[in-house]
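Me: Hi! Could you walk me through a structure I have open on my screen?

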Amino acid sequence: LIGRLMFELPEEMGLIAIAARQTQGKGRGGNVWLSPMGCALSTLHVTIPLHSNLGQRIPFIQHLVSLAVVEAVRSIPGYEDIELRVKWPNDIYYSDLMKLGGVLVNSTLIETTFHVLVGFGFNVNNSNPTICINDLIAKFNKEEGTNLKPLTADCLIARTVTVLEKLIDIFQEKGPNGVLPHYYKYWVHSGKQVRLHSEDGPPAWIVGIDDYGFLQVHEEGKGIQSVHPDGNSFDMLRNLIVPK
């Protein structure tokens, strides 16, 4: 429905679809995302001019959305230390231990405008099938002796969209360097080791992401290079390949 409507509405009009639950949620590579009650689930329509900083680096949108979800929680006074983080390229994690959300982006270029459908879902008040944000808040309260209130899906969807709009504006003005320091503050990968080509391939150390949103690694003797997921492994970071 939203995919049809997005071409019919004036550009200045915002469009978002919100669901209380999903029975056919989609993930990367045909994976299914289970979405019981208590999740924040939405698809947002965004237009990006082709000849703009973000239009020339369209894969960056998924990173901005992941960051916006994390920032939606950790920018609330008192909630700054809730251990919510981003995992490249499109996941929201509890520390580096457990996934509690994800982002899926589809874009269509019409003349000189990208029409982008941003789907994002994350666990707010459902402990199953993994863990949720309110679990993290309860854990924090118990460990720190605080009394932070649980959050609602509606509140966090609204905050995510507001933060995302600001991040897009910053990116359009300053490019990747305008948002990357903030992204690295919340990501799980600094100094982590991966294998290139296969599980027995040469080791490399993650150093950041490049101007187009791909992962940068340092392989001994070969310096820093950009890599892509191999497209086969369940864990996006298990094996990485160097483009020819």
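This is a predicted model: local features need pLDDT of at least 70, side-chain atom pairs count only at pLDDT 80 or more; totals for chains, interfaces and linings use all residues.

Me: What is phi of Ser-95 near?
Reply: Phi of Ser-95 is near 50 degrees, which is a positive value in a residue other than glycine.

Me: And Pro-89, where is that one placed?
Reply: Pro-89 belongs to the loop between β5 (84-87) and β6 (91-94).

Me: Which residue does a cis peptide bond join to Pro-89?
Reply: Trp-88 is joined to Pro-89 by that cis bond, with omega at about 5 degrees.

Me: Changing topic to helices. At what angle do the axes of α2 and α4 cross?
Reply: Roughly 130 degrees, and the axes of α2 (residues 60-74) and α4 come within 8 Å. The two helices are therefore oblique to each other.

Me: Is that crossing of α2 and α4 left-handed or right-handed?
Reply: The crossing is right-handed.

Me: Which residues in α2 and α4 meet?
Reply: From α2, the residues include Phe-60, Leu-64, Leu-67, Ala-68 and Glu-71. In α4, their partners include Leu-156, Arg-159, Thr-160, Val-163 and Phe-171.

Me: How does the contact of α2 with α4 split by class?
Reply: There are 14 nonpolar residues, one polar and two charged.

Me: OK, pockets. How much space lies in the second largest pocket?
Reply: About 310 Å³. The second largest pocket has 15 lining residues, and Leu-44, His-45, Val-46, Thr-47 and Glu-165 lie nearest its centre.

Me: Which element gives the largest share of the lining of the second largest pocket?
Reply: That would be α4, with five residues. β1 (15-19), β4 (39-49) and α4 (153-174) each supply at least two residues of this lining.

Me: What classes are in the lining of the second largest pocket?
Reply: Eight residues are nonpolar, three are polar and four are charged.

Me: How many cavities of 30 Å³ or more does the count come to?
Reply: The count comes to one. The largest cavity has a volume of about 30 Å³.

Me: Which residues line the largest cavity?
Reply: Its lining is made by Met-6, Leu-9, Pro-10, Glu-11, Met-13, His-45, Thr-47 and His-115. By class, that gives four nonpolar, three polar and one charged.

How values were computed:
Residues are numbered from 1 along each chain as its sequence is written. Side-chain values use heavy atoms; hydrogens and water are left out. On a 1 Å grid over the protein atoms alone, a cavity is a set of points where a 1.4 Å probe fits but cannot get out, and a pocket is an open set with protein on both sides within 12 Å along at least five of seven lines; lining residues have an atom within 4 Å of a point. Grid points are joined across faces, edges and corners, and a volume is the space filled by probe spheres set on the points. Helices (H or I, at least four residues) and strands (E, at least two) are DSSP runs, numbered from the N terminus. Ala, Val, Leu, Ile, Met, Phe, Trp, Tyr, Cys and Pro count as nonpolar, Asp, Glu, Lys and Arg as charged, and the others, Gly among them, as polar. Axes are lines fitted to C-alpha atoms, for helices over the stretch in contact, and angles run from 0 to 180 degrees between N-to-C directions. Angles under 35 degrees count as roughly parallel, over 145 as roughly antiparallel, 65 to 115 as roughly perpendicular and the rest as oblique. A crossing is left-handed if the near helix is turned anticlockwise from the far one by less than a right angle, and right-handed if clockwise. Contact means heavy atoms within 4.5 Å.
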